[in-house]
Amino acid sequence: MQNFKSNLPKNITAETEAKTEISKSSSLPNDSEDTDAKPFVFKQKAVNRHYEPTTQPTKVFALGGLEEIGKNTYVVEYGNEIIIIDAGVKFPDASLLGVSAVIPDYSYLKENQHKIKALFITHGHEDHIGGIQYLVKDVHIPVIYAPELGAALIRDRLKEAKLQDKTVVKDYKADDRWRSSNLKVSFAALNHSIPDAFGILIETPNGNIFTTGDYKFDWTPLGHYTEINKLAAIGDAGVELLLADSTNAEVEGYTPGEKGIIDNIDKLFLKAPGRIFITTFASNVHRIQYIIEAAHKNGRKIVILGRSIERIIKIIRQMGHLKISEKEFIKPIDVQKYKPNEVIVLTTGSQGEPMAALSRIANNRHPQINIQPTDTVIFSSSPIPGNKADVENLVNRLTRVGAKVIENSPQHKIHTSGHASQEEQKLLFTLLRPNYFLPMHGEFRMLKKHIETGESVNLEKGHGFLLANGDQLELLGGKAKVGKRVEAEAVYIDGKDATAQASNVIRERDILSRDGLMAVVVSIDSQTNKLLSAPKIISRGSFYVRESANIIAESINIVTNTVLEILNSPKPTFGAIKQGIKSSLSPYIFNTKRRNPLIIPVILNKKSDVSNDTQNRNNNGNTSNNGNNGNNNNNNDRSTNSSTNNKPTSSATRTKGTSGEGKANNSAKSTSSNKNQTTTKKSKDTLTSKPLAIR
Ligand SMILES: [Zn+2]
Ligand SMILES: [Zn+2]
């Protein structure tokens with residue numbers, strides 16, 4: 001055996017040398033030299049793609065998920081049938097003031113809801129299921145098919161939003177199949193950072209479409225194995241269009257496996273002398289599960305901090321995936337009852353989010369837990385690019401208090417991505433050999449790189465499509481082309497309001513944060529159509545009034561002329577006055593100050609109280625502003641200060657759900673909607689006049 005092994009390479013070398021000798025010495029014609037140059041190329045089985053005779057294209061498009069990471073929502077349409085893959089949400093960055101979530105515009109689905117057969121979910125992450133509660137409110141979705149864990153998470157969320165009657169949520173398993181008149185759906189398990197992650201195959205008359213959802217190839221996974229046999233079979237049967245996860249398209253090599261990460265965390269647990277704090281993404285369900293098991297194995301009681309982690313633990317326990325008794329989990333207040341080396345705290349806040357538990361602890365603002373010098377804080381995470389500074393800040397604060405902080409590094413490999421890197425993406429192309437490719441789940445540069453990776457394997461040049469949300473890709477008889485666009489703008493959710501009004505509010509907050517606000521108070525008598533006094537201009541966050549006396553004077557002039565002109569017109573209305581003030585003042589301010597402040601005309605009308613009350617009732621919802629503005633009239637200086645002080649500043653800072661936002665809303669919303677909260681406590685009796693309308 002030994003001899004044979006050592007002889008083999010030698011023989012081969014000898015043979016190769018001999019061959020080289022021959023080709024060098026002989027003067028064979030060119031073509032036979034060519035055959036010699038590619039000795040290892042053999043004919044591989046061709047892909048035989050199958051198309052049915054049809055004149056109708058299969059349309060594929062994203063309502064969310066292209067040129068972004070978040071709100072994944074993909075649509076496959078053939079004839080009068082639509083299926084949707086995933087319905088995700090995106091969490092806003094700091095530029096979206098006060099926005100709690102971003103979802104796609106569902107108007108295409110609403111208009112075509114009679115065609116919708118089902119929504120299929122690849123896995124239970126928020127960027128794939130978080131939009132469902134908004135989607136089902138608007139659009140009739142007859143049934144949602146989701147893998148077991150995803151389905152449990154969706155049911156939990158729908159129940160919380162009291163929407164469980166709006167649709168039916170069914171589990172699917174790896175070998176389930178679904179079909180409608182023209183479309184067939186089946187599944188292939190892939191690896192990801194959450195159990196139950198599937199790629200979905202959609203067979204259509206114009207060829208098969210495979211979408212990966214989020215995936216990586218992990219050969220020592222913590223959960224199920226990738227069904228690589230299925231992927232190979234799907235490739236053999238012919239893939240017309242591949243949609244694949246581009247998150248790590250720019251990352252070379254392979255994504256390290258989860259098992260090694262958990263082993264390393266386990267070793268750190270053994271070394272920690274005192275309490276352990278560990279933070280990770282709530283989305284990394286596998287890791288949370290194994291961290292808890294490792295903690296339990298090391299004889300530590302577990303404290304959970306953070307709603308998102310609590311929720312996931314509740315669900316995996318209900319499903320029987322976490323067989324650890326209730327009494328191993330303790331409340332934060334009971335930490336004192338145990339020795340430091342008997343406690344582990346699993347917490348949110350790995351991104352340095354100021355409101356998350358870990359930041360509060362580091363800042364000594366947590367009611368029950370603070371950091372002690374013997375504590376070890378483990379970041380089983382990596383900072384998302386925009387959060388780097390926040391995370392560094394947090395690490396500094398923790399270190400200053402004396403904690404030992406361990407972050408993911410080449411020495412301590414305690415985090416890995418849930419997404420495939422370039423070599424895994426190449427493997428996917430090798431297995432599936434798609435005719436066309438639509439990279440998804442990534443920023444523009446990632447999508448672009450992903451096409452290059454595909455082309456380096458087997459994707460034909462020109463067969464990769466760089467599309468934006470709303471661009472339709474039409475497949476017909478083996479050809480793909482870009483068709484019409486559908487509406488796919490982002491919709492901002494402000495609190496519970498998911499209407500276009502919320503988008504207006506965001507736009508106004510944006511203006512406020514950049515260019516400030518100008519309130520124009522005009523006092524008129526609507527019975528005699530007279531202007532009662534010179535208009536007042538209040539500027540906040542736009543420019544400094546004292547240094548701009550001439551601008552204010554000219555603004556007053558402009559407003560006076562505009563209002564007089566409208567009052568003297570045959571049919572003056574409040575709407576016309578408001579509009580007139582805005583459209584005459586706005587260009588002047590822009591020309592002189594290069595600013596576009598939010599202009600809020602406030603009309604105070606001195607008219608008999610009886611008719612005012614009727615007006616007030618008609619203008620339902622404006623009461624709080626009425627109260628304020630009535631007060632303005634009484635005691636102009638003081639009350640304008642109090643009513644405007646909180647406006648530009650509070651809307652510029654991103655205070656979600658605080659009173660600051662409520663006030664900012666009042667000012668911002670009054671220009672766009674009548675949905676103001678009625679917060680007035682002022683007695684109307686003290687008002688000598690009441691405004692009719694506020695704009
Ligand atoms: Zn995911
Ligand atoms: Zn995702």
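## Confidence of the model

What is the mean pLDDT of the protein, and what share of its residues reach 70 or more? The mean pLDDT, the predictor's confidence in each residue on a scale from 0 to 100, is 81, and 78% of the residues reach 70 or more. Over residues 1–33 the pLDDT is below 50, and this stretch has 3 contacts in the model beyond near neighbours in sequence, two residues being in contact if their C-beta atoms, placed from the backbone, lie within 7 Å. Residues 608–695 also have a pLDDT under 50 throughout, with 138 contacts beyond four places in sequence. Where pLDDT is low, the predicted coordinates should not be read in detail.

This is a predicted model, in which local features need pLDDT of at least 70 and side-chain atom pairs count only at pLDDT 80 or more, whereas totals for chains, interfaces and linings use all residues. Residues are numbered from 1 along each chain as its sequence is written, while chains are lettered from A and ligands numbered from 1 in the order in which they are written.

## Overall make-up

The protein holds 21 helices and 25 strands, which are DSSP runs numbered from the N terminus (H or I over at least four residues for helices, E over at least two for strands). Of its 695 residues, 46% are buried; a residue is buried if 20 or more other C-beta atoms lie within 10 Å of its own, exposed if 12 or fewer, and partly exposed in between, with C-beta atoms placed from the backbone. Among contacts with a separation of 6 or more, 74% join residues 24 or more positions apart.

## The annotated binding site

An unreviewed UniProt entry lists His 415, Thr 416, Ser 417, Gly 418 and His 419 under "binding site"; UniProt positions follow the numbering used here, feature names are shortened, and annotations may be inferred rather than shown by experiment. Thr 416 lies in the loop between β17 (404–406) and α13 (422–432), and Gly 418 is also placed in the loop between β17 and α13.

Thr 416 counts as buried because 22 other C-beta atoms lie within 10 Å, and Gly 418 is buried because it has 26 other C-beta atoms within 10 Å. Leaving out residues up to four places away in sequence, Thr 416 touches Thr 255, Pro 256, Glu 258 and Ile 261, while Gly 418 touches His 192, Ser 193, Asp 214, Lys 216 and Asn 284.

## Helices α8 and α9

The axes of α8 (residues 258–271) and α9 (residues 285–297) come within 10 Å and cross at roughly 35°, where axes are lines fitted to C-alpha atoms, for helices over the stretch in contact, and angles run from 0 to 180 degrees between N-to-C directions.

Leu 153, in helix α6 (residues 148–160), is buried because 27 other C-beta atoms lie within 10 Å. Leu 153 touches Gly 124, Ile 129 and Ile 315, not counting residues up to four places away in sequence, and its C-alpha atom is separated by 8.8 Å from that of Arg 311, 158 residues apart along the chain.

Arg 177, by contrast, is found in strand β8 (residues 177–179) and counts as exposed because it has 11 C-beta neighbours inside 10 Å.
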